[in-house]
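Subject: Structure handover

Hello,

Here is the structure for you to look through. Please open it first, then read my notes below.

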Amino acid sequence: MAETITESLIKAGELPSMEQLLEEDTYCPLERGEIRLGEIIDILPRFIVMDVNAKREGFVPKRDLDRLEEQVQERIEVGAEFPVYVLRREDSEGRTIVSISRGLIQEDWDRARTILESKEIWEGTVIDRNRGGLLVQFGRIRGFVPASHIVEMPRGLPPDKKKERLEDWIGQNLGLRVIEVDQRRNRLVLSERVAHKKWREKQLLRLLDELEEGQLVQGRVSNIVNFGAFVNLGGADGLIHISEMAWERVADPHDVLDVDQEVEVKVIRLDRDRKRIALSLRQAQKDPWERIEERYTLGQLVTAQVTRIVNFGAFAKLEPGVEGLVHISELAEDRIWQVEEVVEEGEILPLRIVRIDPVRRRLGLSLRRVTADEWQHWRDNRIHIDLAQSEESPEAAIETPAAEQPEDPEAAIETPAAEQPEDPEAAIETPAAEQPEDPEA
């Protein structure tokens, strides 16, 4: 008689695996709590009869089927195979009672143990929250993610704020690692924090493969630093450099964005070698320089605010994203040596447009060509105008003192430093227009 797989393994001093036992051709005695692969051979009014590779058939009570999901119940037919859990080797009538529902649940516990041992990342959906953290559905059992193991969960929140924060995760997918499996206590614990680095790397590679340059995507601001903002695009971050935040000059990213704000951004560069995604907020918005000649004409008198003073003149903002230069020669009739002798940052002035260059995105402005009568008329009409409190607040263009900037960019970022660009300029080049030069030179 041929030797069985089980007998061969025992002779070799090894124990057979569950799969090998299930595939064994010979009948093995049943044990309570054992999992067997069974095949439905008959469907009776009160029981389903299954071949469980034993001397006796297994009987599944009808009430056990009521515990199954609808899609599983639809698979109940002669010939279908299911894992079954041995409840009783023999009841009062000599039948072996088995359970499909318990068999399927046991499969999930076995899978959880396998993931625990392999340390692989498992992606799960948050279905609910409780006082201590988040609940995820792991097959037919529930897993628990403690609040301390959620990456973006601030510590020390008051109970009401903690509750609101946890509710924000319901419905979201998380990359998790199984860190504890205790079936006896019905306890399955998972951690996002332990899985975070590997999960982010996996999601970043996926995004780099899926995204295309020029594509518009939705994201959520995950962190703001002094050189820009990081946007979560679905498990991994891209960077909006400060130069790509708005069409106007931005001194502090906090003036433009808030953490957790939903934004639409444009993918402007994918660096697959360095695993970086460069994004632009301003390029996802309407360019204020489009049709500039339809809004402004040569000789037009406009109101503008001085935003920067340089040695060859002063820059003044007409509207968000549109600045012009008042060259030092256009500040006064007499020759001056210091721009500050005539204007100062933040000052609002009447100015005349003397040049429009849409291609080079430049406007030439003049203060000296505004007549005394025009000055007086402008003052009279300024009574009800307060640009500082309008939607086009000029204060957004005023530089924040250096003391208000974080000394260490990494200090404000929860993501590991290896995921941050060491040099922000290496991720996105600052447009040449940002570098002031004397156009008259």
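Start with Arg272. Its relative accessibility is 46%, so Arg272 counts as partly exposed. The cut-offs explain the label: buried means under 20%, exposed means over 50%, and partly exposed lies in between. Keep in mind that this is a predicted model.

Where does Arg272 lie? Look in the loop between β14 and β15. Now find Leu205. Arg272 and Leu205 are 67 residues apart in sequence. In space, their C-alpha atoms are 8.1 Å apart.

Next, the inside. The largest nonpolar core has 24 residues. Leu211, Leu233, Ile240, Leu257, Val265, Ile277 and Leu279 have the most contacts inside this core. Which elements give two or more residues to it? They are α7 (192-210), β11 (216-225), β12 (228-232), β14 (262-271) and β15 (276-280). β14 gives the largest share, with four residues. Arg272's loop runs between β14 and β15, and both of these strands are on that list.

Last, the surface. Glu39, Asp51, Glu57 and Glu81 form a negative patch there. Pick out Glu57 from this patch. Glu57 sits in the loop between β2 (47-51) and β3 (58-61).

Best wishes

Note on methods. Residues numbered from 1 in each chain as written. Predicted model: local features only at pLDDT ≥ 70, side-chain atom pairs only at ≥ 80, totals over all residues. Heavy atoms only, no water. Patch = residues over 30% accessible without salt bridge, like charges linked within 9 Å, V, L, I, M, F, W, Y side chains within 5 Å. Areas by Shrake-Rupley, 256 points an atom, 1.4 Å probe, with all protein chains shown as cover. Salt bridge = Lys/Arg side-chain N within 4 Å of Asp/Glu carboxyl O. Lys, Arg positive; Asp, Glu negative; His and termini not counted. Charge placed at Lys NZ, Arg CZ, Asp CG, Glu CD. Core = buried A, V, L, I, M, F, W, Y, C linked by side-chain atoms within 4.5 Å. Buried < 20%, exposed > 50% of the residue type's maximum accessible area, 1.4 Å probe, protein only.
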